[in-house]
Structures are given as C-alpha cells and as structure tokens.
Amino acid sequence: DSTRAGDVARQDAAASTSAQATSVSEVPAGDALRDATDTSDPVGITQTPITIRVVGPDVPLDPQDPDERILMSSTLSDAIELAAQHDVDHIEIAVPVLYSDPVAIQRDNLRINSTVAGGSTLVFQPGESQTMERTDVLSIGSNRIEIDDIHFVWKVPSGEVNGGALFAINDNPLVRLTDCSITVDNPAFCKAVYAFDVVTDPEQLAGRGVDTSNRDDSVLPLVAIELNSVIVRGQIGMIHMDYAAELQLNWDNGLLAISESMIDTAGARVAPAPTASPIQLWLTRLTAHTPKGLLRMRVGVSGAYPVSVDRFARSSVFVVDVGVPHFEFRGLESLPSDTSLLQLSGTTNAYDTDPTLAEPVLMVWASPDESEMTRFNSLVSRWPDEVSPRWSVYWSEVRFSDAPMSRRTPADYSQDGSVRSGFDEKLLPILPDLSDSETAIPGISQAGPASTAEREL
C-alpha cells in the first residue's frame, strides 16, 4: 500500500510539472516580452537590462535573455521608450536597414550603435500629416547622446513648405557621431532644411514644454557637436541656430557636400560676456564643399549681438562658389576697426580659389551701402596664424560630379598627388548603396543630372 501511495504522489507531481511547462510554452513570444518589460510585474525581469536591441519588424520577439540582459524591440521608437522605462543607456540596432517614424530622445547619456558590419541604415519616413508642417526627424533636445555606425537617410517631401531638420537640438553639452553618414535628399530644394537645427530661444522652448527654470539667460548657451569620420551630404544647410550660441563643432576626418552654407545663424539674443567663448570650429582632415560659404550671421532685431568666430583647421580643404565669402556678417551697427570678428588659424589647409586670390574670405555689412571685404590676396603676406596654406587643389577629375549633393561620395572629391589635404578615405564609413535599383531604399531618388544650383562648379 505504501508503495502504491508513493507512486500516486510521484504521478501527481509529474502531472503538475507538465501542466506548468505547457502553460509557459503556450505563451506567445510577444506576450512574454510584454510580461518581461512590464514594470508592474515584479517577477517579469530577473536581472536589470543593460541593452535594448532593435531587431526589426520581421523577427519574432523573444523574452528577455537573463544571461545577456537584453530586451528586444521591433522599432526604434519602442526601443527609446523601453530605454526610458528601464533606465537603460544603450540601444543597439541589429538589422542592416531599419525604417522609422520621427522619434524623440527621452533619456540623457544615451548611446545608439549598430552591430552590423558596415553599419545600419536608418531610413526616416515622416507621415503624410507632417509634410505641411516643420519636421524634426530625430529630436534630441538637451540630452547628451553618442551614435556609432549609423547611416541616417531622409528624403524631404516636396510639400515640406516649412522646412525641417534631421537632428533637432537645444543647448546641449555633447552630441557625438562616430563612423556615421547623413544623407538628406531634398530634390525640390525645400527651404530651411538642415542636418542640425539648434533652438535655444527660451520662449520657444517654454512653448514646447521644455523646463527652462534652471537656465541662466544672461549667458550664451553651449552647443557641442563632435563628429569623427562622418559624411554629411544633401541639398541642405548643415547647422542652423535661431540665435548665436557658444557653438563648439569638432570634426575629425569627414566629407561635407551640401548645397547651402555650413552654419547659418542670427546674432546672439544677449550680449556676450567678456569671458564668453566664440563660436569654435575645430576642423581636421575635412573636405568641405559649401557653395554658400562656411558661416553666415545675420545681426538684427531678433539677434542684435554679433558673436566672433574662431576657426582652427588642419589639413582641410575648403570649396565655395565663385564670389561667395567663406564668412559673412550682416547687419552690424558699424564696421569693425579690428579683426576680432574672425580668427583663422591652422596648418596645411587648401583653398580652392582662383589664381589671382581675389576671392573673398570675409564680408562684413553694416548697411546695404557700407561694407568691407577681405580677400585672400590681402592675407597671403600677413597670415600669421595659419602655416603653409595652399591656394589650389589637384582634383582627380576636371570638374565635380553632376550628381545631386545627396548622392555625392568621397570618390567625387578624390585628389591627385602625394601631398593632399582633406579626408582620409580609408577611415571614412562606407556609404550605403542607394543607386542599385534592385537594392535601392524606397523613397530615395536615383542619381541623375543635378539642378542648375548644383552645377555651378
């Protein structure tokens, strides 16, 4: 009898274990992930996650792997929400191509990187309702962020009448991109389209629900952007600021091929303090093709105070359209009596200018009838802060490619000779192939003749 009772007990225990295993195995993977990521379930997550992995919509979502401490997500927007929910500072993209709606970063010190060899291509697709209003594709705000091995692609809808930006930021201590590329295809040449749009106006920030109570409005805000081996291209301007800020742009190895200027800004909202830093541009091994110049500052009612510019460049190449100044200041009360507005320094930079060196470096306007121009030929004999500048570039091709700026590649800016400034192509990221009709990313125009505005060189 005791033997039979033991057998019955063992059978009951086995049946109970089998029932529990069946009930767990029948839970769909998506439900398991929801249980694992539901903070209301105290047993859902056995270990604190340290990474959110984006696997795309075609991969079934598995529960959290307790060994890897990784949560899975189908979209970038879901990954950003999970990162904020679970205090995770790392998002990795594990697919070659990922499509996304516009997103807003919700967490400070976030790092986003690709685990795919050669990087992941992130294609943004704003909804139809956004084509008639300004589009901020990736809103960063004041959150520090680091992005590695991501190729950003955005085709601007032809109805984007109010412009837009790929990255929308406010005062920010650091936005860092490494081994990335930015491609903005704007075939209709919609105005006010930028790679980075910087808004620091307290009234605008308050209208967007941004807490500005801890900001000191008497000083210029800091905006720091660091680019390491980055390509920026498109029918765009690169950086726009609603008011001049203490911008720090540190770019080490890169290609900039755009249709407008590198930086476009109003003057400062408040008078810079005597100890305030200028706009600082530190450019190393950069090839910059900016037809409308490097910087344009408009001083006026909405930004009445000019901010000086300190540009240090090393082994870089600068190309602008004929007759366009590299730096331009408009709306000053009077012409400056010194050179405090612009400081140029560096070594072994190349300027693609005419043989007479009559092209303008700096243009300052106090009124439509009062201006002052500084030409290259006036600096040749008194350029104490720049060592060994060169006034010509041996391009491999007689003229630049006819491809639109959004399709330019490092090959379009290759040079002959053994002493060359500009980017180191071996260290640049490999651009995604957007030209092959079989593998082309939907929504990106194919290579073709450029518009007149892009055929001036």
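Student: What makes Thr-356, Leu-357 and Ala-358 contacts of Asn-377?

Tutor: Heavy atoms within 4.5 Å make a contact. Leaving aside neighbours within four places in sequence, Asn-377 is in contact with Thr-356, Leu-357 and Ala-358. Keep in mind that this is a predicted model.

Student: And where does Asn-377 sit?

Tutor: Look at the loop between strand S27 (370–375) and strand S28 (386–387). Val-361 is 16 residues away from Asn-377 in sequence, and their C-alpha atoms are 9.5 Å apart in space.

Student: Why is Asn-377 called partly exposed?

Tutor: Check the value against the cut-offs. Buried means under 20% relative accessible area and exposed means over 50%, with partly exposed in between. Asn-377 has 38%, so partly exposed is the label.

Student: What are the partners of S10?

Tutor: Strand S7 (residues 120–124) pairs with S10 in the parallel sense over 5 bridges, and Val-123 has Val-153 in S10 as its bridge partner. S10 also pairs with strand S13 (residues 181–185), again parallel and over 5 bridges.

Student: What makes strand S10 mostly covered?

Tutor: Count the buried residues: strand S10 (residues 150–155) has 5 of 6 in that class.

Student: Which residues touch the most other members of the largest nonpolar core?

Tutor: That core has 88 residues, and Ile-147, Phe-152, Phe-167, Leu-177, Ile-182, Met-238 and Ile-239 touch the most other members. Apart from its neighbours within four places in sequence, Ile-239 is in contact with residues including Phe-196, Val-198, Leu-247 and Met-262. There's also a second, separate core of 14 residues, with Ile-231, Val-319, Phe-400 and Met-405 among them.

Student: Now the rings. How many aromatic pairs are there in the whole structure?

Tutor: The search finds 9.

Student: Why is the pair of Trp-282 and Phe-312 called tilted?

Tutor: Ring centres within 6.5 Å make a pair, and tilted is what's left between under 30 degrees (stacked) and over 60 (edge-to-face). Here the centres are 4.9 Å apart and the planes are at 40°, so the pair is tilted. Trp-282 lies in strand S19 (residues 279–289) and Phe-312 in strand S21 (residues 309–314), so parts 30 residues apart in sequence are tied together. Both count as partly exposed, Trp-282 at 40% relative accessibility and Phe-312 at 22%.

Student: What makes the pair of Phe-318 and Tyr-351 stacked?

Tutor: Their planes are at 25°, under the 30 degrees cut-off, and their centres are 5.5 Å apart, so stacked is the name. Phe-318 sits in strand S22 (residues 317–319) and Tyr-351 in strand S25 (residues 350–351), 33 residues apart. Phe-318 and Tyr-351 are buried.

Student: What makes Phe-124, Phe-152, Phe-167 and Phe-196 a cluster?

Tutor: Ring pairs link these four Phe residues together.

Conventions:
Residues numbered from 1 in each chain as written. Predicted model: local features only at pLDDT ≥ 70, side-chain atom pairs only at ≥ 80, totals over all residues. Heavy atoms only, no water. Helix = DSSP H or I, 4+ residues; strand = E, 2+ residues; numbered from the N terminus. Buried < 20%, exposed > 50% of the residue type's maximum accessible area, 1.4 Å probe, protein only. Core = buried A, V, L, I, M, F, W, Y, C linked by side-chain atoms within 4.5 Å. Pairing = 2+ DSSP bridges. Phe/Tyr/Trp six-rings, centres within 6.5 Å; stacked < 30°, edge-to-face > 60°.
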